[in-house]
Every structure is written in C-alpha cells, then in structure tokens.
Amino acid sequence: SFDRLVFTIHPTLRCLAGLSSREACRWLTSWLCALFAVAFNDCKGNQDVQFEVSHPDFVVDEEGRLSPRRDVIDSGTVMFIHGQSIHSDDMAQVDILGEILGLGQIPYRQRRSLLVPPMFVPENQRPPFPRSIGKVISADMEENHVFHLTGKGADQDPKGVFRINRLTGEVAVQRPLDREAIAMYYLQVSTTDLSGKVVEGPVALEVSVIDQNDNRPIFQESRYAGEVLEGSPTGTTVMTMTAYDADDPNTENAVLRYHISKQSPSKPSPNMFYIDPEKGDIVTVISSSLLDRETLPTTQYELEIVAKDMAGSDVGLTGTATATITITDKNDHAPEFTHSLFQATVDEGSTGVIVNLTVDDRDDPATGAWRAVYSIINGNVGQSFEVHTNPDNNEGMLSVVKPLDYENTAYHTLLIKVENEDPLVPDVGYGPSSTATVHVTVLDVNEGPMFFPDPMVVTKRENVPVGSFVATLNATDPDILQTQSIRFALLKDPAGWLTVNPVKGTVNTTAILDRESPFVRNNMYSAVFMATDNGSPPATGTGTLVITLEDDNDNAPYVSPSVARVCEDAKDLNVVVLGGQDKDIYPNAEPFSIELGKQPGLEKTWKVSRINNTHAQVTLLHNLKRANYNLPLLVTDSGVPQLSNSTEIKVQVCTCKKNKMDCNSAWLVRSSMPLCLGLALLSILCLCVAFYHNLN
C-alpha cells in the first residue's frame with residue numbers, strides 16, 4: 001500500500017511532433033497518479049518504447065505498469081523513469097513517501113547495462129556537504145566491481161565538484177554551485193573490475209544546475225536619453241528600455257516586468273508617460289495639445305524606471321535606471337521683427353554692415369525652427385545690398401556690398417523678409433510681422449578724381465628724343481554737385497623717364513626710353529600718376545600709364561659659348577656649335593651671320609658653317625698642337641641698318657688620354673699663323689736690341 005505517491009516531472013520533454021512540454025508532462029502525470037501505469041506518448045504511435053527505472057526495487061513491465069519488485073520500507077526514496085522512442089525522449093522523477101508492504105518479489109527481466117538518470121542540483125546550496133543528488137544503477141554489478149565518475153566537475157577542472165560512491169553508485173555534490181557560471185555538467189559513469197578493466201560504460205551523466213533567483217535585473221546604462229516631438233499624438237513611442245537578468249531565461253527568475261516609479265517634474269500631469277511592462281517601450285500618455293514645448297514647465301522629464309524579475313511579483317528582485325526624455329521643438333511659431341521700420345546711414349563709396357535687424361522666435365534656439373533666414377524682396381536695385389544671419393544671436397546683418405553713389409541716389413528703401421530654416425507646420429503661416437522696411441541714407445563724401453581710361457595704353461618707339469610727348473592724362477571728379485579743380489603728379493616712375501604737367505596732365509620724356517631696360521616687362525613700361533582735387537579735405541585718385549615700346553636696332557649681336565675645347569689628336573675636328581644672341585627683337589635680331597674675322601690666313605685652319613638662323617658650326621681643317629688659340633669672329637644681325645660685332649672665342653687644344661682631357665699645360669696662345677710669325681719677329685728684334693746695348 002502507498003501512504004503517498006508523488007511524481008515530479010522534469011520539464012525537458014521533447015516531443016518531436018509538436019506537443020508542448022507542459023501538456024505532455026500533465027498528460028503523463030495524470031496517467032501515473034490515476035493508474036500507477038507509465039503512459040508515454042511520442043505523438044507517433046509509441047512504437048518500440050523502452051523504459052528504464054533508476055531504483056532497483058521497481059520495474060516497468062511490458063504493459064507499461066510501474067511495479068515494485070519487493071516490499072519498500074525506505075521513505076523518501078527518489079527514482080527516475082526514463083522513457084525513450086525514436087521520436088521522443090523523456091524522464092519522470094518519482095518521490096516515494098511511506099512504505100510499500102506485502103508485495104514480495106516480482107520477477108523481471110534484467111538489463112545488462114548502466115542506468116544513469118539525469119540529476120539536478122539547486123544552485124547556492126548551504127552546507128553540510130556532500131549532498132546526495134541521485135544514484136547510478138548497474139544491472140550487472142558484482143562484488144568486485146566499482147563505479148567511476150569522470151569528466152569536467154569530477155577529475156577535470158573544475159575538479160572535485162561531484163563524486164560517486166564506488167560501491168553503491170550514489171552521486172553527491174561537494175560544494176555550492178553557481179548556475180550562471182556553469183549551468184550543465186556533462187560527466188561519464190563506468191564500472192570496472194578490481195584490475196581496472198571496464199565492465200560497463202562509459203555512460204553519459206548530465207547534471208543540471210537548478211536556477212535560483214540570485215541575480216537582479218541590470219540595465220546596460222544607468223541613464224538613457226530619448227526624444228519626442230512636441231504635439232505628438234497620445235501613444236507615440238519615445239524609447240525602449242530593457243534590462244538583463246542573468247538567471248535562467250526559462251524560469252520566472254528572469255521574467256522581467258517594467259514600471260515607472262517616479263516622474264520629475266510631475267506637472268502638468270504625474271503620468272505623462274507609460275512603459276509597457278513586458279517590452280519596456282515608453283510611450284506618451286499626455287494629449288498632443290498639452291505636449292507643447294513652449295507652455296510646459298520644462299523641456300526635459302526624468303523617469304525612474306524599475307525592472308523587477310519573477311514576472312513582477314512582490315518577491316522579485318529589482319534594478320533601476322533613469323530615462324531623460326527631451327520634448328523637441330517643431331516649427332510652430334513664425335519669426336517676427338521687433339520693429340516694422342529700421343533706419344541706417346552709410347557713407348558713399350564704403351561697404352560693410354550698416355544695421356542689425358532683430359527678431360523674436362518662441363521656438364527652440366539653435367534649431368532649424370528658430371534659426372532665421374533673411375531675404376531682400378524689394379528695393380535692391382543693382383544688387384548693392386546683402387543680408388546674412390548672425391549665427392550667435394539670429395539677427396539679420398544688412399550690408400552694403402557694392403559702394404553707393406550719393407550723386408546717383410541719396411536714399412534707398414528696402415523690404416526684408418525673415419523665415420526659418422525649417423518649414424512651418426501646416427497650420428502656422430508667416431504674418432505681417434515677418435517683414436520689415438529699412439530706410440538707408442547715403443552720406444556725401446568728397447571722392448577722389450577718377451582716371452579714364454585706367455590704365456591708359458600708348459605706343460612709343462624707344463630712343464625718342466628727350467622731351468618727346470607721350471600722352472595726356474584724363475581725370476574727372478565724381479562730385480558733380482561741387483566745383484573742384486584737379487592737379488596731376490607723378491607717383492611712380494621706376495626708370496625716371498617721365499614728367500607730367502600738373503595742370504594740363506601732359507606727359508613727356510625726361511630721358512631716353514630703352515626697350516631693353518630691366519624696368520620694361522614684355523615691351524611695356526608702367527608708370528603711376530596721381531590726381532588730387534581741392535575739396536575739404538582733398539581727395540586723391542590714381543591711374544596707370546602703360547607705354548608699349550617699339551624696338552630699334554640698337555644692340556649688336558654676340559655669340560656663346562666663349563670657350564671651346566678640342567683634343568690635339570681628335571679625329572672629329574668639329575670644335576663647337578656657336579649660338580647668336582641679340583637684346584633686340586625681330587626683325588632686328590636673327591637670322592644672324594656668323595663668319596671668320598677678316599684676319600688673313602684663318603681660312604686655312606678654321607671653317608665656320610651655318611646651321612640655322614641662330615647657330616653655326618666651328619670646325620678645324622687640320623689638327624693643331626696643344627695650345628690656346630683665340631679665334632676672331634664677326635657676328636651680324638638682320639636689322640635695318642645691320643649691326644655687327646667683332647668678337648673672338650678661346651679654343652683650347654688639349655692632350656687627351658684614356659677619355660681624360662688635360663688642358664693645363666697649354667702655355668702658348670695662338671690666334672693665327674701670322675700672329676705666330678709676328679711673335680717670332682718680335683723675339684728676334686728684342687735679341688738684336690739687347691745685342692746692340694751690349695756692344696755699347
């Protein structure tokens with residue numbers, strides 16, 4: 001007889017056909033309690049279902065009935081029934097309370113294998129240790145057989161968490177466990193004889209650590225920030241806040257519920273926001289008309305959010321975080337000028353800011369709904385004015401960008417409009433206060449005379465006589481309402497070539513104009529003149545005179561290089577290619593004529609051949625001995641009239657050995673054969689004179 005029979009079903013039923021774990025456990029439990037028979041449903045017909053019982057005194061027969069094999073007197077016994085088919089695998093835990101008597105022995109077919117039920121250990125157990133967590137059954141256990149437990153948690157790190165009684169197979173835990181560190185231990189059980197030979201196994205043993213609610217919900221951040229646009233409809237999602245609980249997510253230990261514990265400030269309503277208890281979504285509760293940024297006591301609200309586990313029950317643990325919600329602005333207020341009329345004065349001829357236009361806007365500063373954009377919609381003839389926004393204070397800076405002329409217009413009237421960077425909301429528009437009038441008064445200023453044309457360009461031939469007329473300067477005074485006289489002066493004359501009549505403005509030369517002067521650039525010479533009126537105070541203007549100089553053939557040509565070298569035994573008798581140059585320009589320069597000088601006998605040793613309009617080849621007609629030779633040349637340009645230049649180049653005849661040229665020992669300077677003869681005759685004459693003096 002049973003005083004009490006309690007079945008504790010492990011919640012890990014896996015029905016492959018889709019039956020939920022809770023439904024399968026409820027169905028199996030009802031069968032066991034009502035009929036003392038094991039009912040196993042794998043949703044596929046229960047074919048080839050096999051049962052194993054961890055307690056040696058119980059057995060499940062072929063008809064699926066759980067029966068004791070003999071009297072059971074040990075109260076509090078725990079056993080497991082393992083049912084397995086090709087579709088499903090489940091385990092039921094049975095607690096026996098009381099005694100089972102008068103049953104005697106029930107024959108059954110023994111299984112020659114280890115029965116290793118899954119075992120469960122609550123985390124955070126308190127001493128004493130060790131604590132029994134289950135028992136391994138061997139169907140073929142003999143006196144010389146012993147149990148062995150291996151794996152992580154036994155003989156592998158973390159070592160010594162579990163141990164097994166070598167004789168009875170009872171498994172015990174030896175210290176408190178932490179599910180958040182290790183939720184499942186995977187061990188192996190085997191039996192060996194005394195020699196260490198494996199008799200049975202190894203068989204897997206799974207030890208599940210049962211979760212306790214020992215972890216509070218934790219928000220990833222202590223403070224969260226969210227925004228909601230003013231005027232948003234009720235139910236608008238602002239932000240989502242979620243917390244994390246390290247406990248078992250399959251238990252209520254990690255099932256969280258959220259609520260708002262405090263709102264600051266509490267006006268206009270202490271419940272302006274609501275948080276979804278399961279999702280953590282914060283939404284607005286206040287009506288859209290009251291969610292007005294310009295009328296609320298603040299633009300930021302702080303919510304204290306509490307997350308509680310155990311599905312929010314009273315025994316649940318809590319975690320808190322703060323949500324800061326900012327009421328953002330939308331452009332529901334048009335900017336308005338503080339005055340309908342602004343006054344400004346400006347000196348003629350000047351530029352820059354002349355007046356600052358001030359506006360009011362109730363929207364959020366430093367946003368597109370507040371920042372102003374100004375435009376001139378009337379009166380800006382000639383585009384002389386511009387208006388820009390001062391980013392620091394949102395004022396409109398009206399500027400003159402093109403100098404104004406008092407003599408042309410002394411007064412200007414501008415109509416200016418102000419708008420926002422962002423468009424206004426549909427039900428708000430710009431009104432009369434979004435435009436303003438600006439009266440600009442131009443003040444008369446004595447302006448300096450103006451040259452016309454500026455620059456003045458004239459053409460003159462170089463080398464004209466001193467005192468020649470160059471040009472007459474033209475300058476007028478823009479102050480047409482005043483009668484003023486103008487005087488001219490020379491302000492900048494780099495070469496000192498010019499003079500100006502102070503009254504008439506006529507310019508004449510005081511020196512020879514030279515196109516080849518370093519003060520001339522691209523055939524042009526520039527001078528700056530000054531015109532001053534007799535106003536109070538006097539005003540001055542400047543103008544430029546550019547003289548384009550035409551070329552005269554006043555520079556003889558010349559050749560380069562001036563020194564050439566050749567080997568005394570050279571096979572190539574080409575000495576050097578000469579290039580003609582001239583400071584003048586076409587047609588007073590090339591083509592050049594380069595030829596030997598008029599000295600007799602040069603043509604027997606030297607030859608000059610034309611290459612092109614500017615270059616010629618100098619060639620030896622025979623090898624010369626090592627020495628330095630001066631070769632006279634005549635260079636002529638093509639100007640009218642032509643200019644020639646008698647010049648000479650130095651030719652060094654050197655000793656050349658192994659690609660090295662030695663010119664240091666050329667002691668004799670020879671220009672030609674007649675020169676050599678002349679030197680010889682001079683030497684003889686000197687000897688004769690010396691002899692004559694000795695005789696005397």
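Which residue does a disulfide join to Cys567? In this predicted model, the partner is Cys656, with an S to S distance of 1.8 Å.

**Disulfides**

The count of disulfides comes to 2. The torsion about the S-S bond of Cys567 and Cys656 is about -90°, so this disulfide is left-handed. Cys567 belongs to strand β45 (residues 563-567) and Cys656 to strand β51 (residues 644-657); the pair therefore ties together parts that are 89 residues apart in sequence. Cys567 counts as buried because its relative accessibility is 18%, the cut-off for buried being under 20%.

The other pair is Cys654 and Cys663, whose sulfur atoms lie 1.7 Å apart. Their link is right-handed, with 105° about the S-S bond. Cys654 is buried at 0% relative accessibility, and Cys663 is likewise buried, with a relative accessible area of 9%.

| Disulfide | S to S distance | Torsion about the S-S bond |
|---|---|---|
| Cys567 and Cys656 | 1.8 Å | about -90° |
| Cys654 and Cys663 | 1.7 Å | 105° |

Asp309 is located in the loop that runs between β24 (300-308) and β25 (318-328). Although buried, Asp309 has no salt bridge. The nearest side chain of opposite charge belongs to Arg216, 7.5 Å away, whereas a salt bridge requires a separation within 4 Å. The side chain of Asp309 does make a polar contact of 3.2 Å with the side chain of Asn213.

Leaving aside residues up to four places away in sequence, Asp309 touches a set of residues that includes Asn213, Asn215 and Pro217. Also among them are the acidic residues Asp245, Asp247 and Glu252, together with Val255, Leu256 and Leu317.

Note on methods
Residues are numbered from 1 along each chain as its sequence is written. This is a predicted model: local features need pLDDT of at least 70, side-chain atom pairs count only at pLDDT 80 or more; totals for chains, interfaces and linings use all residues. Side-chain values use heavy atoms; hydrogens and water are left out. Helices (H or I, at least four residues) and strands (E, at least two) are DSSP runs, numbered from the N terminus. Buried means under 20% relative accessible area, exposed over 50%, partly exposed in between (1.4 Å probe, protein chains only). A polar contact is a pair of N or O atoms within 3.5 Å; within protein, one must be able to donate a hydrogen and the other to accept it, and residues adjacent in sequence count only if both atoms are side-chain atoms. Contact means heavy atoms within 4.5 Å. A disulfide is a pair of cysteine sulfur atoms within 2.5 Å.
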